[in-house]
Amino acid sequence: WIAPVFAAAATGLVLFIGFVVLRPDLVRDEPVRPVSPAASATATGGTVAWLPLEPGFASVPTITIPPSPDPSAAANLPACRADQLSAERSADAATGMRLLFVTFSTTGSGCALDGRPQVTAHGTADIPVEPGGWGDDYGYPVRVAGADLAVLTLGWESNWCGTPVTNDRIDLVLPGGGGTVEIAGFGESTCRYPEGPARAPILVRSFQPQDYTSERVATAFVDVHAEIQMPPDASVGSTLRFAVTLTALGRDVVLSPCPDYAIDVSRKPDDTDTVGYRLNCGDVPYRDAAGRPYLPANTPVRFAMELAIPDLPGMHKLTWRLEVPDLVVAGGSLVIH
């Protein structure tokens, strides 16, 4: 159970971490056991020394991360014309839904695609077309220039359960009088759910950048990566010495207030021994203009860690995590003798 539980972070662990951060008193099997801090600490060998600092339970402020790419990049650009675009079609399928992706590029000067095209589906019968689909529309003009590409997504549910039809061609009439782009259609209709509507429409999303992330609210630690370096085993009653390396990806992260962290030793998901401390920010060798410790962008900072091994012989999962709402976690297997 150890490897799958630790590896499947995408859903359950994300929710678990966020819940622990917000209400740690409700989910820990036993309270965090702080230890009195030592008198001093030093950074040796490029590693920030460990101190058993009591948790500060500081509230980590949030930041607003703007959408990427910046929507303003498409401001004041002319509407794209079909004769200046190249369109590449690809197909995929999800549960009960077939998808077409049309990627637009240009070798000319920059232009913008805004909203969604007018779509006509050609074939052996009329096929309805509707705007919408899944998720939120992008909502901004999309810049098409050089490596900046725009993507249009079309979907057709697999519940055309009347007389079968074939969609051999789709016409995309670009906004702003930009002309028509022709692509191959979905092909033959399918009827996966007989109880569904007999004439499922083709759904059309709005244009959006190829690599797009929406605006989000997070803490400054949202792009901090944690990596653990630990021995594979330890003895009952001994002190496990290991290290955690934190790397702030893309931007500096100020360690003020200094976050807490927790270490879980789990034999089963419901059998966890947890201790918690505050990160030794005081010995981080990097200071900003205001004198605050920080993690420099893309620069690994290694922190020494210590853990008193509990009397729990057997195979365990050790998990180290920052006590912040974002997922900053690392861990591995540990055999206790």
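# Close-up views of the predicted model

**View 1. Strand 18 and its two partner strands.** In strand 18, Thr-247 is the bridge partner of His-225. The model is predicted, and local features are described at pLDDT of at least 70 and side-chain atom pairs at pLDDT 80 or more, whereas totals for chains, interfaces and linings use all residues. Residues are numbered from 1 along each chain as its sequence is written, and side-chain values use heavy atoms, without hydrogens or water. Strands are DSSP runs of E with at least two residues, numbered from the N terminus. Strand 16 (residues 224-229) pairs with strand 18 in the antiparallel sense over 6 bridges; pairing requires that DSSP finds at least two bridges between the strands. Strand 18 also pairs with strand 23 (residues 301-308), again antiparallel, over 8 bridges. In strand 23, Ala-304 is the bridge partner of Ala-243. Strand 18 (residues 239-248) has 8 of its 10 residues buried, so it is largely enclosed by the rest of the structure. Buried means under 20% relative accessible area, exposed means over 50%, and partly exposed lies in between (1.4 Å probe, protein chains only). In a regular strand, side chains alternate between the two faces of the sheet.

**View 2. Asp-260, a buried residue without a salt bridge.** Asp-260 belongs to strand 20 (residues 260-268). The nearest side chain of opposite charge is that of Arg-278, 5.5 Å away. For charge, Lys and Arg count as positive and Asp and Glu as negative, while His and the chain ends are not counted. A salt bridge needs a side-chain nitrogen of Lys or Arg within 4 Å of a carboxyl oxygen of Asp or Glu. A polar atom of the Asp-260 side chain lies 2.7 Å from the backbone nitrogen of Phe-57. Beyond its neighbours within four places in sequence, Asp-260 is in contact with several residues, among them Pro-55, Gly-56, Phe-57, Tyr-277, Arg-278 and Glu-323. Contact means heavy atoms within 4.5 Å.

**View 3. Phe-57, a residue with positive phi.** Phe-57 is found in the loop between strand 2 and strand 3. Its phi is about 50 degrees, although Phe-57 is not a glycine. Phe-57 counts as exposed, at 62% relative accessibility.

**View 4. Aromatic pairs.** A pair of aromatic rings is described by the distance of the centres and the angle of the planes. Rings of Phe, Tyr and Trp (for Trp, the six-membered ring) pair if their centres lie within 6.5 Å; planes under 30 degrees apart count as stacked, over 60 as edge-to-face and the rest as tilted. By this rule there are 9 aromatic pairs. In one, the rings of Trp-50 and Tyr-277 have centres 5.6 Å apart and planes at 85 degrees, so the pair is edge-to-face. Trp-50 is in the loop between strand 2 (47-48) and strand 3 (62-65), and Tyr-277 is in strand 21 (residues 271-278), so the pair ties together parts that are 227 residues apart in sequence. Both Trp-50 and Tyr-277 are buried. Another pair is formed by Tyr-138 and Tyr-212, whose ring centres are 4.7 Å apart with planes at 90 degrees, so the pair is edge-to-face. Tyr-138 sits in the loop between strand 8 (129-131) and strand 9 (142-144), and Tyr-212 in the loop between strand 14 (208-209) and strand 15 (216-219), so the pair ties together parts that are 74 residues apart in sequence. Tyr-138 is buried, with a relative accessible area of 6%, whereas Tyr-212 is partly exposed, with 25%. One aromatic cluster is formed by Trp-50, Tyr-261, Tyr-277 and Trp-320.

**View 5. Phe-221 in a loop.** The loop that holds Phe-221 runs between strand 15 and strand 16. Phe-221 counts as buried, at 3% relative accessibility. Leaving aside neighbours within four places in sequence, the residues in contact with Phe-221 include Val-60, Val-253, Leu-255, Pro-259, Leu-322 and Val-328. Phe-221 and Ile-63 are 158 residues apart in sequence, and their C-alpha atoms are 9.6 Å apart in space.

View 6. Most residues other than glycine have a negative phi, and most peptide bonds are trans. Pro-257 lies in the loop between strand 19 (253-254) and strand 20. At 52% relative accessibility, Asn-298 counts as exposed.

Notes: Helix = DSSP H or I, 4+ residues; strand = E, 2+ residues; numbered from the N terminus. Polar contact = N/O pair within 3.5 Å; in protein donor to acceptor, adjacent residues only side chain to side chain.
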